[in-house]
Amino acid sequence: MKPMRTERLVLRNWEERDRELFHRINSDERVMEFFPFRRDRAAADAKMDEVRAWIDEDGYGFAAAEIAATGDCIGFVGLSGTEDMDVLPAGTIEIGWRLAPEFWGKGYVTEAAEAWLAYGFETLGLDEIVSFAVAENHRSTAVMKRLGMTADPSADFDHPGIPDSHPALKRHVLYRLSRDGWQARKKAAR
């Protein structure tokens with residue numbers, strides 16, 4: 001993947017120097033509040049290698065987000081296929097994010113996600129991008145709304161990857177953004 005720049009960020013593939021941060025955002029209780037698992041270092045390293053390979057192969061994915069001025073990796077923002085989720089139509093592309101808590105509330109996710117939406121609609125030619133989260137994850141749904149995404153209650157679902165031992169995490173809300181909606185929002189912002 002060719003790195004993308006926003007006003008304050010560089011969006012790029014994962015590098016060896018990012019392993020500690022990747023582990024931290026996959027094991028921190030606050031970051032993983034709405035997930036039924038925490039990754040130990042070995043599992044986080046394996047997942048980072050997997051994500052890095054997907055990005056190499058596809059040219060996009062849950063890419064590292066780094067502060068351009070400091071070079072500090074703060075988490076990830078990116079696009080990903082949902083092939084492993086049979087509750088969504090084949091070919092569905094989601095936008096997702098995960099940042100270390102000290103970087104929350106600074107607009108980084110929205111800034112990076114705007115760049116990924118442009119990439120998805122302009123470069124990949126997608127007709128739609130979705131996002132989903134546990135219904136109680138109001139921080140994530142607030143970002144979805146800021147991005148111009150619209151809730152689609154008829155498409156809310158029980159996440160197949162959440163075990164029955166975590167019933168409060170099963171129900172996910174789904175938000176959508178069409179290319180036409182994105183273009184109209186972009187045009188209105190001018």
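Author: The face of α4 turned away from its buried side carries the exposed residues H138 and K145, where exposed means over 50% relative accessible area, buried under 20%, and partly exposed in between, with a 1.4 Å probe and protein chains only. The model is a predicted one, in which local features need pLDDT of at least 70 and side-chain atom pairs count only at pLDDT 80 or more, while totals for chains, interfaces and linings use all residues. Residues are numbered from 1 along each chain as its sequence is written, and side-chain values use heavy atoms, with hydrogens and water left out.

Helix α4 spans residues 138-146, and S140, T141, V143 and M144 are buried in it; helices (H or I, at least four residues) and strands (E, at least two) are DSSP runs numbered from the N terminus. Seen down the axis of α4, these buried residues fall within an arc of 155 degrees, so they line one face of the helix, the arc being that of the directions from the helix axis to the C-beta atoms. Their cover includes β5 (93-99), α3 (108-123), β6 (128-134) and β9 (171-178). Just after α4, G148 takes a positive phi of about 90 degrees.

How values were computed
Contact means heavy atoms within 4.5 Å.
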